[in-house]
Amino acid sequence: MTPSEGVSSSFLKPRTAVALACLCSVAGLFTIYPTARQLLLLWGNDDLKSMGAVVPLISMALILRVWRRLGWETEGSWWGFAMLAVTVALVYIQSQTLFVVMVNKHWLVQLPPFPVVAIAYTASMVLLFGGWRLLREAWFPVLFMGAVIPIPQSFTNLVDLPLQHASATVARGFAHLLGEQLTQDRLRLMFTPEYGMFIAPGCNGIRGAITLGMAALVVGYLYRFRWWVFAPVVAGAVLLGYLFNFLRLCLLVVYYKLTLQLPWFQVRAKQGDYVIGGVLFVCALLIFFALANKLRRDPADTLPPIADQPVRRPTHARAYLARVAVVLVLAAIFAGDTVHVIRAEKLNTMQVDAAPLPDQLGNWHKVRQWDDRLVTGWIVYTWAEYQSPDLAQKVALGVSPRLSQHDAEICHLARGEDPTWHGHRDIPTPQGVVAVSEAMYNNGALQWLEAASVCQNGRCEQYSGENQHVTMVVAPPEGRLPMQSSRGPVPVLLRVETTDSMTPVEQMRPRLDAALTAFLGQAKLGDTAMPYGHRQ
């Protein structure tokens with residue numbers, strides 16, 4: 001072996017180091033698999049949030065661009081692994097428990113939020129393999145990972161739905177200008193009893209506006225616009241998206257008017273909408289890039305370009321490969337647990353029907369049983385109604401054979417159903433105290449009390465605290481280690497109702513609470529829920 005060969009064998013070529021870093025970044029996703037999986041489901045089922053799927057690809061490309069400009073400098077730090085470990089721990093806890101915060105009943109988030117996890121994971125990989133300098137220079141693509149959920153739910157409630165009505169108003173006004181008298185439905189424009197258009201939430205232009213806004217963020221970063229140019233460019237792109245959507249709706253009204261006597265075009269109105277929208281979106285992109293390129297040519301609007309730098313020093317193979325090995329080993333551990341979880345879920349989905357609830361709980365007997373199912377047949381809750389020995393009271397008990405964590409009040413709030421009262425109570429049972437979160441509701445026909453808890457290994461506990469502005473829901477962790485088999489947590493919901501909707505909640509709640517206390521005083525709730533634990 002020559003001296004030159006010995007020296008070269010102790011270093012890695014830049015392209016090899018970068019390839020290994022990319023491999024670790026992809027394989028390391030197994031360490032945050034619960035978050036990655038939820039994001040994939042969100043992107044696949046929510047058209048409004050589906051554009052977040054391209055954010056990781058854009059972020060990676062921008063990070064590699066910065067890394068190349070720095071000469072593929074590999075001054076990685078083990079602090080990146082510490083950041084990764086903290087992120088993994090938070091995601092792992094999140095996957096086994098329920099911790100939800102709702103502010104003013106509009107802004108709901110499960111902690112830690114998915115965008116924060118995405119940013120922390122990206123920052124840890126950049127720091128682990130590129131070092132502090134790369135992390136500082138690549139601040140934008142790292143923070144851009146927060147756009148994996150481009151539209152928060154609060155934005156949908158506060159902005160999206162009002163824009164839906166605004167879009168319908170614009171389309172209706174334009175139709176009236178063309179002499180068309182439409183139905184009085186605010187969101188439905190019917191040109192004939194069978195032929196018309198519905199202004200759905202997705203028709204309000206928010207997708208095009210957010211897409212143009214995200215594109216403007218990236219273009220403004222690449223063009224190095226100064227902040228007083230950057231901000232108007234992004235805001236202008238969003239407004240341009242909305243403007244062209246209103247134009248699309250007007251052109252769609254023209255399409256419907258012109259095709260009133262053309263059945264062939266009527267059955268293809270949806271495709272016509274796609275064509276009109278696609279052409280207008282391309283026109284909006286052309287206008288945006290034309291204006292952006294014009295601003296780019298003015299030196300006063302942009303920061304000076306940064307020259308590429310040569311490789312400052314070669315990559316020491318031993319230290320770099322040690323970091324690669326640690327990430328791959330950690331990823332392999334969590335990949336094994338992921339396979340274990342997927343296998344358990346497949347076995348669970350093969351069960352068509354859940355086991356029936358007991359016919360007798362103490363001296364309360366079951367009078368009927370039913371299932372809450374999705375359209376796919378998937379059972380959300382199995383319910384049974386129990387009657388007291390004196391036939392004076394009834395209590396409904398629901399257990400979920402599929403969900404691992406669930407809070408009924410959050411679902412009510414998401415549907416716009418505010419509780420008339422909320423509290424937390426410890427109720428004695430034959431197996432010890434059961435901690436439940438209670439809420440009262442009144443829809444004008446019924447008044448009812450709901451009590452929610454989460455049972456696991458014979459213990460039932462859930463806490464929900466609320467003040468004037470913040471609602472916080474906490475359930476105990478599952479307590480399962482990777483690759484460990486156990487029965488998972490089972491959400492439990494109890495309901496006591498009355499047709500007396502006029503009695504004030506202060507007077508009705510003690511009566512319903514007394515029925516619930518009497519029922520749980522006879523029911524071994526932990527044992528009843530245990531067969532429904534779906535973790536294998």
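G241 lies in helix α11 of this predicted model, where helices are DSSP runs of H or I with at least four residues, strands are E runs of at least two, and both are numbered from the N terminus. With a relative accessible area of 8%, G241 is buried; here buried means under 20% relative accessible area, exposed means over 50%, and partly exposed falls in between, using a 1.4 Å probe and protein chains only. The C-alpha atom of T211, 30 residues away along the chain, is separated from that of G241 by 8.2 Å. F281 is 40 residues from G241 in sequence, with a C-alpha to C-alpha distance of 7.7 Å.

T211 itself belongs to helix α10 and counts as partly exposed because its relative accessibility is 28%. When residues up to four places away in sequence are not counted, T211 touches M51 and F281, contact being defined as heavy atoms within 4.5 Å.

Residues are numbered from 1 along each chain as its sequence is written, and side-chain values use heavy atoms, with hydrogens and water left out. Because the model is predicted, local features need pLDDT of at least 70 and side-chain atom pairs count only at pLDDT 80 or more, whereas totals for chains, interfaces and linings use all residues.

Turning to the backbone, most residues other than glycine have a negative phi. W72, which is not a glycine, has a positive phi of about 55°. W72 sits in the loop between α4 (55-69) and α5 (79-96), and its relative accessibility of 25% makes this residue partly exposed. R224, also not a glycine, has a positive phi of about 60°. The loop that holds R224 runs between α10 (206-222) and α11 (227-258), and R224 counts as partly exposed at 28% relative accessibility.

The loop between α4 and α5 also contains S77. S77 counts as buried, since its relative accessibility is 10%. Beyond neighbours within four places in sequence, S77 is in contact with L127, L128 and W132.

Which angle do helices α2 and α6 make where they pack? Helix α2 (residues 14-27) and helix α6 (residues 114-129) pack at about 150°, and their axes are 11 Å apart. The axes are lines fitted to C-alpha atoms, for helices over the stretch in contact, with angles from 0 to 180 degrees between N-to-C directions. The two helices are therefore roughly antiparallel, given that angles over 145 degrees count as roughly antiparallel, under 35 as roughly parallel, 65 to 115 as roughly perpendicular and the rest as oblique. In this pairing, A21, C24 and S25 of α2 meet Y121, M125 and F129 of α6. By class, the contact comprises 5 nonpolar residues, 1 polar residue and no charged residues; Ala, Val, Leu, Ile, Met, Phe, Trp, Tyr, Cys and Pro count as nonpolar, Asp, Glu, Lys and Arg as charged, and the others, Gly among them, as polar.

For the protein overall, there are 17 helices and 17 strands. Of its 536 residues, 46% count as buried. Among contacts between residues at least 6 apart in sequence, 72% join residues at least 24 apart.
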